[in-house]
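I opened the model to look up sheet pairing, helix packing and the contact between the chains.

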Amino acid sequence: MPDQRIDTYPTHQYQGYDLRPGRPLPFGASLVPGGINFSIYSSAATSCTLVLFHKHEREPFVEIPFFDEFRIGDVYAMTVFGLNWEEVEYGYRMDGPWDPSNGYRFDQTKILMDPYARLIGGREIWGTDPDWSDIYHHRARLVADDFDWEHDKPLETPIEDLIVYEMHVRSFTAHESSGVSKRARGTFAGIVDKIPYLKELGINCVELLPVYEFDEFENSRVNEQTGERLYNYWGYSTVGFFAPKASYAATGKFNMQVDEFKNLVKQLHAAGIEIILDVVFNHTAEGNERGPYISFRGLDNKTYYMLTPEGYYFNFSGTGNTLNCNHPIVRNMVLDCLRYWAAEFHIDGFRFDLASILGRAPNGAPLSNPPLLEQLAHDPILAHCKLIAEAWDAGGLYQVGSFPAYNRWAEWNGKYRDGIRKFVKGEPGLVGEVSQLIQGSPNMYASRGPTASINFITAHDGFTLMDLVSYNDKHNWANGENNNDGANDNNSWNCGWEGETDDPGITALRRRQIKNFAAILMVSQGIPMFLMGDEVGRTQQGNNNTYCHDNLLNWFDWTQVEKNSDLLRFFQNIVAFRSAHPILRNRFFLSGSDYLGLGVPDITFHGTQPWQPNWSDGSSRTLAFMVNGDYARGGAVRDDFIYVAMNMYWDAVHFTAPPLPAGMRWHVAVNTAMPSPEDIWAKDVEPVLDGGEILLGGRSVVILVGR
Amino acid sequence: MALSVNVTEQTGYSIAAVVGDVDGATAPELQEAVLAAAGPGCRLLLDMSQVAYMSSAGLRVMLLLYRQISANAGSKVVLVGLPEDVQETMAATGFLKFFVIADTLEDGAAALNR
């Protein structure tokens, strides 16, 4: 049998290039025997031309029009033979109507990037000014996709066991104090160098701020007061959904970012750490009608964007345009994209930025049964991926607790953040709400379980944990918008002085508050997440919207690992505490009843006295609860009793823990009122508590272990 | 820049010296020469000290080489004199730890015997 296919021969020629009709699927550019198959969709273009460049050359070396017989339906597909896939960059010119009021914005003078491009050139080295006169900025390239994964696969850690660490690739190791080699600072390779730190911290999942190719120069400007360059630093504005950001790779200048990123995933997995990507499908980097032509606008504006009846861009994202996610073509692109990252990059989960937009119809109206969200929930390739929604958008849709979940989606629980912040700050009347929050918010997720709730106090949006206890108000002057940007409802408290201080009393109180937050987060049912650097007191100087800063307002300052070693030690131990106690990580809600007849219900609430929670007193700032370890994992696993007492009143209060079954004693695992290292004890060395009475200092949390 | 691969036989092992740039255009030549020199039971020093530039296609040849020697028990290859750029690229992408590397031919020959 001949070993060569008979369709590897050209049938057409153009200016010396051998061609044949291509295959319409898969979309994008694929390596085929002897050549490259190019496939691109447009529903309204009248003609399409493939534009080919040699790498790093300004002008194309050939422009090949798609012959009539190369178009099938709305797809232009052509195989070009004899190209060196590593050396070629490609784009498209589309001709068609210029009629903005009807949604058409074709412009044959623009060279357009393939939305399915898996490698994108043009911004290989972070912060290096591109040639602004370039006719084609974000240049599509090809990849082999033949990474040697050996035995790696996604970890499929049960979601209830996750402890998530939200981090920014560049910020994590950009600072010289990271100890990472100069070339690898701020890159995927830099994170690999720091995996031992993550292991010691004890987290088992990292969630990366956007890593899809974006343009740090988008809306870049100079802060007039400081003279500093402001960037699109966080990257919440996608240029290409299928390509890892080149300048996040030490090897980006050699176009090896795909391999470098895959190696990061492989090494994280080897360390038992999952990786979740923060994905931004609600809008693109093309902005509104005044924005640039990068890709979608020139390929098929009307299909890819939500447009007003007059042909302007709906702006539910707050950034100029809105991706038309529930159009069948766009829906398939999103699905193709996530499948690619799950299958080819072994990604463990996705967090969807402004996910409520994904539930809007092409005319902007919220859908009760959004096809995209349903499809993602039931997709076979994504079946074991974590799907996490940021369940609101900038168009006023707020769906925390009501996001269309299909028993599959989890969501950032913004109400957890707000409620716990207020409670720890010392606001009265919150004990009822807090009792729900620490159970995984059964009042919100009754049918979904605590695993629907990603619990967090801090995330990239807003104050860091240190700033949350150091500032009453935002201080966003460095952003160059007269302190008008960023949220005003921070529920923060500065502990008596706005900003940095040497006052020992204030400093001690701040550290205690940080520990209170960490302790409550780690004993709550649901999935805890905290922000990179919170464990070492990272500060943004009161800035609660640092999206534009490529400096210490975002970077992890590794000298703080030494300076704030007491905080780090507390975090390491409280994370270990959660990991050691399955009763804190249930898939289903605790019931408050003793349904297995074990003598004590799975969870019980208490006040300063056992069995007497103070639900009715509107001034109450104290709450205690106890979980019965025999009910861990619904009674399938044995664990200790755990009693948590929270005193958010400013003075010390006596608490009495419930009596334990005969033969058991209470041990003090955590007392945030104590100085380090007596604030937290490692497993099995916790001191015994004589009797059940304990004096809780003002604004402090005590955790007892009964065994 | 053109690429050449010069294979010389030593007592008990061979040396393949690569000279030139390895990119998409020259990688097929490297692949042919190196895979031929790394047959079953080979003991090979791949001298990379005169490679100024290696692209992803070149690194893929290295990985093919690794896969070929892993499939044949008794085969052994040592990479000698990897330029710093290439070595860092291989480290950042996780490829470096697949290989035994040495700074000089002498060290490489010693590594073959370890």
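I count two strands as paired if DSSP finds at least two bridges between them. Helices (H or I, at least four residues) and strands (E, at least two) are DSSP runs, numbered from the N terminus.

Conventions. This is a predicted model, in which local features need pLDDT of at least 70 and side-chain atom pairs count only at pLDDT 80 or more, while totals for chains, interfaces and linings use all residues. Residues are numbered from 1 along each chain as its sequence is written, and chains are lettered from A and ligands numbered from 1 in the order in which they are written.

Sheet in chain A. I looked up an open sheet of five strands in chain A and found the order 26-27-28-32-30, with antiparallel pairing. Strand 26 (603-606) and strand 30 (666-671) of chain A are the edges; each has a single partner strand, so one side of each is left without a neighbour in the sheet. Direction ignored, neighbouring strands of this sheet are turned by 20° against each other on average. Angles in these notes run from 0 to 180 degrees between N-to-C directions, and axes are lines fitted to C-alpha atoms, for helices over the stretch in contact. Strand 27 (622-627) and strand 28 (641-647) of chain A share six bridges in the antiparallel sense. I picked A:Phe625 and found its bridge partner, A:Val644, in strand 28 of chain A.

Helix 11 of chain A. This helix packs on the sheet and touches strand 28, strand 30 and strand 32 (700-706) of chain A. I take two residues as in contact if their C-beta atoms, placed from the backbone, lie within 7 Å. The direction of helix 11 makes about 40° with that of strand 32 of chain A.

I then compared helix 11 (504-522) with helix 13 (565-580) of chain A: their axes come within 9 Å and cross at roughly 15°. The two are therefore roughly parallel to each other (angles under 35 degrees count as roughly parallel, over 145 as roughly antiparallel, 65 to 115 as roughly perpendicular and the rest as oblique). The residues I listed for this contact include A:Ile514 and A:Ala518 of helix 11 and A:Phe570 and A:Ile574 of helix 13. By class, the contact has 10 nonpolar, no polar and three charged residues. Ala, Val, Leu, Ile, Met, Phe, Trp, Tyr, Cys and Pro count as nonpolar, Asp, Glu, Lys and Arg as charged, and the others, Gly among them, as polar.

Chain B helices. The axes of helix 1 (27-37) and helix 2 of chain B come within 9 Å and cross at roughly 20°. That makes helix 1 of chain B roughly parallel to helix 2 of chain B. Among the residues that meet are B:Leu30 and B:Val34 in helix 1 and B:Val61 and B:Leu65 in helix 2 of chain B. I sorted this contact into eight nonpolar, three polar and no charged residues.

Chain contact. Which residues build it? I got 19 residues from chain A and 13 residues from chain B. On the chain B side, helix 2 (56-71) and helix 3 (84-92) each supply at least two residues, and helix 2 gives the most, with four residues.

Backbone checks in chain A. The peptide bond from A:Leu25 to A:Pro26 is cis, with omega near 0°. A:Pro26 sits in the loop between strand 2 (17-21) and strand 3 (28-32) of chain A. I noted another cis bond from A:Ser676 to A:Pro677, with omega near 5°.
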